[in-house]
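Please take a look at the structure shown here.

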Amino acid sequence: KSQAPEQTGQKPGVPGVKTIIAVASGKGGVGKSTTTANLALGLQANGLKVGVLDADIYGPSVPRLFNVTGRPEPVSGRILKPLEGYGIKVMSMGFMVEEETPMIWRGPMVISALTQMLREVAWGELDVLVVDMPPGTGDAQLTMAQQVPLAGAVIVSTPQDLALIDARKGLNMFRRVDVPVLGIVENMSYFLCPDCGARHDIFGHGGARAEAEKLGVPFLGEVPLDMQIRETSDAGTPVVVSDPDGAHTTVYRAIASRV
Ligand code: ADP
């Protein structure tokens, strides 16, 4: 008698999608979604076909970051056509509910919504599908990591000790479900003063690099705290699309080439 894949512990792939990677953080507000968007655009700039699945069901950011609104239409039966921003196919819970609607779902509903966004969407041929995970390392995240056939995970952290402790928990979570950690990105790594040119290590600096070394995972790069990154993200034109030759884009493309 054949068993459902969940019961055997196998995770079936998504047809047409070569690789699925997750971007995760131990806590909110560290720039996980900003990193997801710019990493996805960096992968695309490096020549890959990319999609983004916004699994941050309680605080979807992908509609804002990719400046896309609307409702995905069915292509056949239950299968929905993803929306597209800057040539990247995107799917988000934000397309399914009103922005003001609070999501008060329980775990199983979250999982079924995620499964639907993963498996009942016409992703087409993709080299990489980047999944923006909800922040934290609770049961929901663990189940998601178990449900999605992930090739690996990128952990985003700020340099502070507290964020790093959370990042460490994230790392352990992926290890528990046998998902390789592709590396750590240090976001808000330092601040370059636009007036005086001096560099300020607001949250301390280098913590993530040292932590990565200690934990034996790759360090993928450091992204400064910069107005341009915030302004472009909030305007729905992430820096990799709005300033393709800029210094930040170089950093994100380098990170993309390491994952
Ligand atoms: P998370 O997904 O971890 O909750 P977001 O990506 O939504 O975090 O980022 C939180 C806020 O910080 C956003 O307003 C975003 O524009 C800003 N932000 C993220 N990274 C940077 C950065 N490197 N420099 C400046 N602002 C940033």
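Which residues in α4 meet which residues in α5? From α4 come Val-110, Ile-111, Leu-114, Thr-115 and Arg-119. From α5 come Ala-140, Thr-143, Met-144 and Gln-147. Keep in mind that this is a predicted model.

## Helices α4 and α5

Helix α4 spans residues 107-119. Its axis and that of α5 are 10 Å apart, and the packing angle is about 30 degrees. Angles under 35 degrees count as roughly parallel, so α4 is roughly parallel to α5. The crossing of these helices is right-handed.

By class, the contact of α4 with α5 has five nonpolar residues, three polar ones and one charged one.

## Helices α5 and α6

Helix α5 covers residues 139-147, and helix α6 covers residues 161-176. Their axes lie 9 Å apart, at an angle of about 40 degrees. The two helices are therefore oblique to each other. Here too there is a right-handed crossing, as α5 passes α6.

Gln-141, Leu-142 and Ala-145 make the contact from the α5 side. Met-173, Phe-174 and Arg-176 make it from the α6 side. Four residues of this contact are nonpolar, one is polar and one is charged.

## The cavity

How many cavities of 30 Å³ or more does the structure hold? It holds one. The largest cavity contains about 40 Å³ of space.

Gln-141, Met-173 and Phe-174 belong to the contact of α5 with α6.

## Helices α2 and α10

Helix α2 spans residues 32-45, and helix α10 spans residues 247-258. Their axes come within 8 Å and cross at roughly 75 degrees. Angles of 65 to 115 degrees count as roughly perpendicular, so α2 is roughly perpendicular to α10.

On the α2 side, the residues that meet α10 are Thr-34, Thr-35, Asn-38, Leu-39, Gly-42, Leu-43 and Ala-45. On the α10 side, they are Tyr-252, Arg-253, Ile-255 and Ala-256. By class, this contact has six nonpolar, four polar and one charged residues.

## Thr-34 and its contacts

Thr-34 lies in helix α2. Which residues does Thr-34 touch, leaving aside its neighbours within four places in sequence? Its contacts are Leu-65, Ile-229, Ser-233 and Tyr-252.

Take Ile-229 as an example. Thr-34 and Ile-229 are 195 residues apart in sequence. In space, their C-alpha atoms are 8.2 Å apart.

## The second largest pocket

The lining divides into eight nonpolar, nine polar and six charged residues.

How values were computed. Residues numbered from 1 in each chain as written. Predicted model: local features only at pLDDT ≥ 70, side-chain atom pairs only at ≥ 80, totals over all residues. Heavy atoms only, no water. Axes fitted to C-alpha atoms, helices over the stretch in contact; angles between N-to-C directions. Helix = DSSP H or I, 4+ residues; strand = E, 2+ residues; numbered from the N terminus. Parallel < 35°, antiparallel > 145°, perpendicular 65-115°, else oblique. Left-handed = near helix turned anticlockwise from the far one by under 90°. Contact = heavy atoms within 4.5 Å. Nonpolar A, V, L, I, M, F, W, Y, C, P; charged D, E, K, R; others polar. 1 Å grid on protein atoms, 1.4 Å probe; cavity = no way out; pocket = protein on both sides within 12 Å on 5 of 7 lines; lining within 4 Å. Points joined across faces, edges and corners; volume = space filled by probe spheres on them.
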